[in-house]
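The following exercises ask the reader to examine a structure one feature at a time. Each task is followed by a worked solution.

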Amino acid sequence: MTGAELKAALMEEYPVRYAGITYQKVTALIYRKGSTRIQISAELLDRNGRAVVIAPAGKIERGTSNA
């Protein structure tokens with residue numbers, strides 16, 4: 001996902017997928033300064049609402065609400 005797509009996922013609170021797992025929603029966006037560019041990651045809340053995972057933006061995709 002792009003930064004703009006992740007921002008939409010954060011604001012609209014829809015499910016996302018990362019590494020074959022569906023997460024409830026994006027709870028935060030993380031911007032880190034690399035040596036040549038900004039690296040974007042997202043904090044993803046698991047389906048039970050008890051844990052979060054930090055994932056690189058490029059490996060996150062939109063999930064489905066029934067997954």
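This is a predicted model: local features need pLDDT of at least 70, side-chain atom pairs count only at pLDDT 80 or more; totals for chains, interfaces and linings use all residues.

**Exercise 1. Determine where Ala19 is found, and whether it is buried or exposed.**

Solution. 
Step 1: Ala19 is located in the loop between β1 and β2 (21–23).
Step 2: Its relative accessible area is 63%. The cut-off for exposed is over 50%, so Ala19 is exposed.
Step 3: The backbone of Ala19 shows a positive phi of about 55°, although the residue is not a glycine.

**Exercise 2. Classify Thr22 by accessibility and identify the partner of its side chain.**

Solution. 
Step 1: Thr22 is part of strand β2.
Step 2: Thr22 has a relative accessibility of 8%. Because this value is under 20%, Thr22 counts as buried.
Step 3: The side chain of Thr22 makes a polar contact of 2.8 Å with the side chain of Arg17.

**Exercise 3. Locate Gly63 and list the residues that it touches.**

Solution. 
Step 1: Gly63 lies in the segment after β6 (60–62).
Step 2: Its relative accessibility is 12%, so Gly63 counts as buried.
Step 3: When residues up to four places away in sequence are not counted, Gly63 touches Pro15, Val16 and Arg17.
Step 4: Gly63 and Ile21 are 42 residues apart along the chain, and their C-alpha atoms are separated by 9.1 Å.

**Exercise 4. Describe how strands β3 and β4 pair, and state which residues stand opposite Tyr31 and Arg32.**

Solution. 
Step 1: Strand β3 covers residues 25–33 and strand β4 covers residues 38–45; they pair in the antiparallel sense over eight bridges.
Step 2: The two strands, β3 and β4, form a hairpin, with four residues between them.
Step 3: Opposite Tyr31 stands Ile40 in β4, while opposite Arg32 stands Gln39 in β4.

**Exercise 5. Give the strand order of the open sheet of three strands, and name the edge strands.**

Solution. 
Step 1: The order in this open sheet is β3-β4-β5, and the pairing is antiparallel.
Step 2: The edge strands are β3 and β5 (52–56), each of which pairs on one side only.
Step 3: From one strand to the next, the twist averages 25°.
Step 4: Helix α1 (residues 3–12) packs on the sheet and touches β3 and β4. The direction of α1 makes about 145° with that of β3.

**Exercise 6. State how many aromatic pairs the structure holds, and which ring lies under the charged end of Arg62.**

Solution. 
Step 1: The number of aromatic pairs in the structure is zero.
Step 2: The ring in question is that of Tyr14: the charged end of Arg62 sits over it, 3.5 Å from its centre.

Notes:
Residues are numbered from 1 along each chain as its sequence is written. Side-chain values use heavy atoms; hydrogens and water are left out. Two strands pair if DSSP finds at least two bridges between them. Axes are lines fitted to C-alpha atoms, for helices over the stretch in contact, and angles run from 0 to 180 degrees between N-to-C directions. Contact means heavy atoms within 4.5 Å. Rings of Phe, Tyr and Trp (its six-membered ring) pair if their centres lie within 6.5 Å; planes under 30 degrees apart count as stacked, over 60 as edge-to-face and the rest as tilted. A charge sits over a ring if NZ of Lys or CZ of Arg is within 6 Å of the ring centre and within 35 degrees of the ring normal. Buried means under 20% relative accessible area, exposed over 50%, partly exposed in between (1.4 Å probe, protein chains only). A polar contact is a pair of N or O atoms within 3.5 Å; within protein, one must be able to donate a hydrogen and the other to accept it, and residues adjacent in sequence count only if both atoms are side-chain atoms.
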